[in-house]
2 protein chains.
Amino acid sequence: MKVLVIGTGAVGSFYGALLARIGAEVSVVARSDYEQVRTSGIEIISETPLGDYRFRPAAVVRDAAELSEKPDYALLCVKVVEGVDRPALLKDALGPSTAIVLVSNGIEIEDEVAKAFPDHELISGLAFICVTRTGPGKIWHQAYGRLALGNYPNGLSEKTKALAAAYERSGIHCIASENIVTARWQKCVWNAAFNPLSVLSGGLGTNDILTAQEAFVRAIMEEICLIATALGHALPSDTVDRQVDSTDKMPPYKTSMLLDFEAGRPMETEAILGNAVRAGRRTGARIPHLESIYALMKLRELKASLA
Amino acid sequence: MKVLVIGTGAVGSFYGALLARIGAEVSVVARSDYEQVRTSGIEIISETPLGDYRFRPAAVVRDAAELSEKPDYALLCVKVVEGVDRPALLKDALGPSTAIVLVSNGIEIEDEVAKAFPDHELISGLAFICVTRTGPGKIWHQAYGRLALGNYPNGLSEKTKALAAAYERSGIHCIASENIVTARWQKCVWNAAFNPLSVLSGGLGTNDILTAQEAFVRAIMEEICLIATALGHALPSDTVDRQVDSTDKMPPYKTSMLLDFEAGRPMETEAILGNAVRAGRRTGARIPHLESIYALMKLRELKASLA
């Protein structure tokens, strides 16, 4: 199995390393970390039973065009934010039979890639993980690691099943999903509430938010469920209860959007919240809580851009 | 006319000084500024045709109990925030015929005082002004100054008319309002939108907020109108249009809530927004945008309290 990971951030490094550990030939496209990764590989410190691992990629390149052979899978592991041109990053990575794998947060983020490469199999992936890049070529895996994979817009190809099976062998749980878009809405229920609220509150962790404003969190989550239903991706009726319960049991957690905000990096406001709001508007669903937090996130971004 | 001003912040100093200028006997209860005000009075620098003025109160006391004579009017000019005990501040200021005058932001802020002093005339007042305390005994009057006065819960007594007439003579416009509660809801339309949004955006001025998110601002304003109508204080149908237009024409403006937030002072979240939301809940009105910004303000305050 030949794999190319595009993006050596926390997510790409972690999920590339897992496949390398079970014998896949995994190369990486590195940008800012290129020198470090080429010289020393990527050091992964894990707090989980997976243990620590030094990931030495088969090849380290600055651009996919430098590779002599095209991969079976091109894993694009980048944040979906303005200024990241995903088709440009993928263009030179693809041979005729290369499957594209997107491992990203957000909703309705596949279409741009599907339209750019209509002849390629597109696998949409969701990562449930706490993992952070602590420095060039240094990744800290705090908890979790589950992955969900499925073909876009739906179905499960042999190639997708093979990738999911490989991940299962690597030591994480990987769900092969016939309806990955539904799974994406399910994840969005949590993300659309806690990511914006962590930023708009000025930096609260998930537990403080939930304890202080559970009804508000639930109202946001219910609106995501409403949109998902209107789009034919109805979620189980206990979705909100389960998300609230599991957040209650999680350790206090800083969301990825808050980490990005505090570090002055672009936030996935559009991928997570803006795309959900636009989908809601298309369906005519009543989503005033989502509209409110989206408007406020845009004001917060405007303020940050003026500073 | 004997007047006692309780609170030598920007608002109390300004509206006390106006009456002193036209010959009223105006004393003040000063707290942190006591020494400065006793020694040098209050210096008011005005950017308006009113001009600069040094206000030398008839008496400066730390507590109303120190005064030998009770006033005709006790003007309470304090922010309505947790920890400020308004009945305690008024208790020793009142003779049998003293009218209480509240000059404060917010909605439904009169009841606590009305219940504490049921035998006193209660005049509710609204100040439309940009005025800032720049140091002990130093006030900077940037713009505006209009006042609205009326009896609570409604009507206009001779005493209220006399006070309004005095303010008119002092050089500002003072509206004597038969329905001051309606006027308070009208002011809340602006306050409930721009005050929270200036804080939640991280510090944007009113113009940036309006330019970027006019629809959101209007949605919040419409919900205040909805509550006012449900409570029998229907506002003119062009209220929101007029507030938006006039904000558009104002110079960029930092709200009082933002100034408080940046200075680490308590904010009038409950007086302006919490009371409006509770009124809305009582009426059963649909107010999801107000609920959203209220929940977020409470999260912001929680974060500030943990810092």
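In this predicted model, Y15(B) is buried, with a relative accessible area of 0%. That value falls under the 20% relative accessible area below which a residue counts as buried. F14(B) is buried as well. Y167(B), at 1% relative accessibility, also counts as buried.

A pair of aromatic rings is described by the distance of the centres and the angle of the planes. F14(B) and Y15(B) form an edge-to-face pair, 4.9 Å centre to centre with 90 degrees between the planes. The ring centres of Y15(B) and Y167(B) are 5.9 Å apart and their planes stand at 80 degrees, so this pair is edge-to-face. The cut-off behind that label is a plane angle over 60 degrees.

Y15(B) belongs to helix α1 of chain B, residues 10-21, and Y167(B) to helix α5 of chain B, residues 158-170. The pair therefore ties together parts that are 152 residues apart in sequence.

In chain A, one aromatic cluster is formed by F14(A), Y15(A) and Y167(A).

| Arginine | Ring | Distance from the ring centre |
|---|---|---|
| R146(A) | F128(A) | 4.1 Å |
| R21(B) | Y53(B) | 4.7 Å |

In chain A, R146(A) lies over the face of F128(A). In chain B, R21(B) lies over the face of Y53(B).

Key. Residues numbered from 1 in each chain as written. Chains lettered and ligands numbered in written order. Predicted model: local features only at pLDDT ≥ 70, side-chain atom pairs only at ≥ 80, totals over all residues. Heavy atoms only, no water. Phe/Tyr/Trp six-rings, centres within 6.5 Å; stacked < 30°, edge-to-face > 60°. Buried < 20%, exposed > 50% of the residue type's maximum accessible area, 1.4 Å probe, protein only. Helix = DSSP H or I, 4+ residues; strand = E, 2+ residues; numbered from the N terminus. Lys NZ or Arg CZ within 6 Å of the ring centre and 35° of its normal.
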